[in-house]
Amino acid sequence: MTIQELNNLSRNSLMETLGIEFTEITESKIVAIMPVDQRTVQPFGYLHGGAMLALMETLASAGSVAILNDTNKAVFGTNVSANHVKSTRSGIVTGVGTLIHQGNTMHSWEVNIYNEENVLLSKCIATNLVISKK
């Protein structure tokens with residue numbers, strides 16, 4: 001699956017609402033950016049932890065969909081465990097997902113989010129269940 005296909009798939013979804021845009025994909029890595037703006041901040045003006053979690057799960061799920069490249073398979077996030085270590089109030093954040101396990105029915109990803117100065121904001125492990133569509 002290409003970057004363009006992933007971005008097209010995101011139309012009319014949470015990813016479009018949050019401004020998430022995929023920028024890189026390989027067999028074991030996926031990268032996307034997300035703006036820090038009125039759509040992604042909490043009431044005090046800091047990047048919302050939930051928006052970071054949405055970016056993290058999006059990267060892990062899209063990464064699994066892309067490496068499977070099989071319309072007979074469906075991917076569902078089953079667990080996201082994150083630690084937010086910093087925040088930001090402006091700019092663009094970058095999420096980087098790295099595949100750490102690819103089984104037949106389970107994929108695990110490490111996903112890190114960085115600010116524009118490449119400072120780590122959040123780190124997570126996300127697990128996906130891969131099932132056959134009926």
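Guide: Two strands count as paired here if DSSP finds at least two bridges between them. Please keep in mind that this is a predicted model.

Visitor: Which residue of strand 2 does phenylalanine 22 stand opposite?
Guide: Strand 1 and strand 2 pair in the antiparallel sense, and four bridges join them. Strand 1 covers 21-25, while strand 2 covers 29-35. Within this pairing, the residue of strand 2 that stands opposite phenylalanine 22 is alanine 32.

Visitor: Which strands are the edge strands of the sheet?
Guide: Six strands form an open sheet with antiparallel pairing, and their order is 1-2-4-5-6-3. An edge strand pairs on one side only, which is the case for strand 1 (21-25) and strand 3 (73-84).

Visitor: By how much does the sheet twist, on average, from one strand to the next?
Guide: The sheet in question is the open one, in which six strands follow the order 1-2-4-5-6-3. From one strand to the next, its twist averages 25°.

Visitor: Which element supplies the largest share of the largest nonpolar core?
Guide: This core holds 26 residues, and those that touch the most other members are Met34, Leu47, Leu55 and Val93. Among the elements that each supply at least two of its residues are strand 2, strand 4 and helix 3 (49-68). Leucine 55 touches, among others, Ala32, Met34 and Val93. The largest share, nine residues, comes from helix 3.

Visitor: At about what angle does helix 3 run to strand 3?
Guide: Helix 3 lies across strand 1, strand 2, strand 3, strand 4, strand 5 and strand 6. Relative to strand 3, helix 3 runs at about 145°.

Terms used
Residues numbered from 1 in each chain as written. Predicted model: local features only at pLDDT ≥ 70, side-chain atom pairs only at ≥ 80, totals over all residues. Heavy atoms only, no water. Core = buried A, V, L, I, M, F, W, Y, C linked by side-chain atoms within 4.5 Å. Buried < 20%, exposed > 50% of the residue type's maximum accessible area, 1.4 Å probe, protein only. Contact = heavy atoms within 4.5 Å. Axes fitted to C-alpha atoms, helices over the stretch in contact; angles between N-to-C directions. Lists of a residue's contacts leave out its neighbours within four places in sequence.
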